[in-house]
Amino acid sequence: MKTYIIGNWKMNFTVGESSLFLHKLLQRVRSYRDIEVVVSPSLMALQSLSLQTDRRKIKLATQNFYHRDFGAFTGEVSIAQLRSLVDYAIVGHSERRYIFNESDKDIRAKVAAALRNGLTPILCIGETDSERTFGETADVLRDQLLGGLSEVSAEEVSKCIIAYEPVWAISGHDKAAKVASPLDVKDAFALIRKILKETYGKETAEDTPLLFGGSVKSINAESYLLLEDCNGLLIGGASLIASEFTDIIEIAKRVKDANAQH
Ligand code: PGA
């Protein structure tokens, strides 16, 4: 399986800045067959960046979309309108769940819409700080995982990417974000694989990529990538710094090569 390095730019950069930043990345990123590099700029920049990017090096993801394909939905953009621009779609990010009140129902409809339109959904799941304190992590992960996948057929589950993003570790709007220990992440990954195995079978569980996200930087990327179940990283803040993002890609390649030798 490939290793996925995905940068979520969130609501940063103007269209012009996005283009300059992508230009910088395209000059620096080396393409490797076993590393999939994806960036997710603002919706505004997707059209121009889709023409600018070299998809062999950097593919694009949308940060959001509406689950219906066309119709009277003022102000919305559908995945059917975006499908020629992007390969991936982020769904269920905690900022969408908690700032914009996206429900499990919205999220499962979006996962289904992305698949229906031939895109790979990146389904984000993760517990909040208080859920963690109250020992509810396992229940939350199970609910968000199976809830998000509930409109997906068992055969299609492995076409989704699952990103474990503990809300307490996401740096963006929480200045007090903590850094997750590799042990925390290892336990969560083990649980997610177990739920996938029990629900969809061993093969699907093994074929579904699991990513980690939450305050990932070049100094800690390796500690997560070394985890047996880790198939990549979803990176917010550090993906806005070209040297950080490209360093993480190189670290991922080193870990991949080292694993291949064992
Ligand atoms: P962060 O964001 O890397 O800035 O913590 C991660 C995310 O929200 O996906």
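**Briefing: a buried glutamate and the nonpolar cores**

Glu36 counts as buried because its relative accessibility is 7%, under the 20% cut-off. The model is predicted.

**Glu36**
- Glu36 sits in strand S2, which spans residues 35-40.
- The side chains of Glu36 and Tyr88 are joined by a polar contact of 2.6 Å.
- Leaving out residues up to four places away in sequence, Glu36 touches Lys2, Thr3, Tyr4, Ile5, Lys59 and Tyr88.
- Glu36 and Leu25 lie 11 residues apart in sequence; their C-alpha atoms are 14 Å apart.

**Nonpolar cores**
- The largest nonpolar core has 68 residues. Ile5, Leu25, Leu149, Phe212 and Leu233 touch the most other members.
- Another core lies apart from it, with 12 residues, including Ile6, Ile90, Ile122 and Leu234.
- In soluble globular proteins, nonpolar side chains tend to be buried together.
- Phe212 touches Tyr164, Pro166, Ala180, Val185, Phe189, Tyr224, Gly232, Leu233 and Leu234, not counting residues up to four places away in sequence.

**Strand S7 and its partners**
- Strand S7 covers residues 210-213. Leu210 and Phe212 point one way, Leu211 and Gly213 the other way, and all are buried.
- S7 runs parallel to strand S6 (residues 161-164), joined by 3 bridges. Ala163 stands opposite Leu211.
- S7 also runs parallel to strand S8 (residues 232-235), joined by 2 bridges. Gly213 has Leu234 as its bridge partner in S8.

Technical notes. Residues numbered from 1 in each chain as written. Predicted model: local features only at pLDDT ≥ 70, side-chain atom pairs only at ≥ 80, totals over all residues. Heavy atoms only, no water. Core = buried A, V, L, I, M, F, W, Y, C linked by side-chain atoms within 4.5 Å. Buried < 20%, exposed > 50% of the residue type's maximum accessible area, 1.4 Å probe, protein only. Contact = heavy atoms within 4.5 Å. Helix = DSSP H or I, 4+ residues; strand = E, 2+ residues; numbered from the N terminus. Pairing = 2+ DSSP bridges. Polar contact = N/O pair within 3.5 Å; in protein donor to acceptor, adjacent residues only side chain to side chain.
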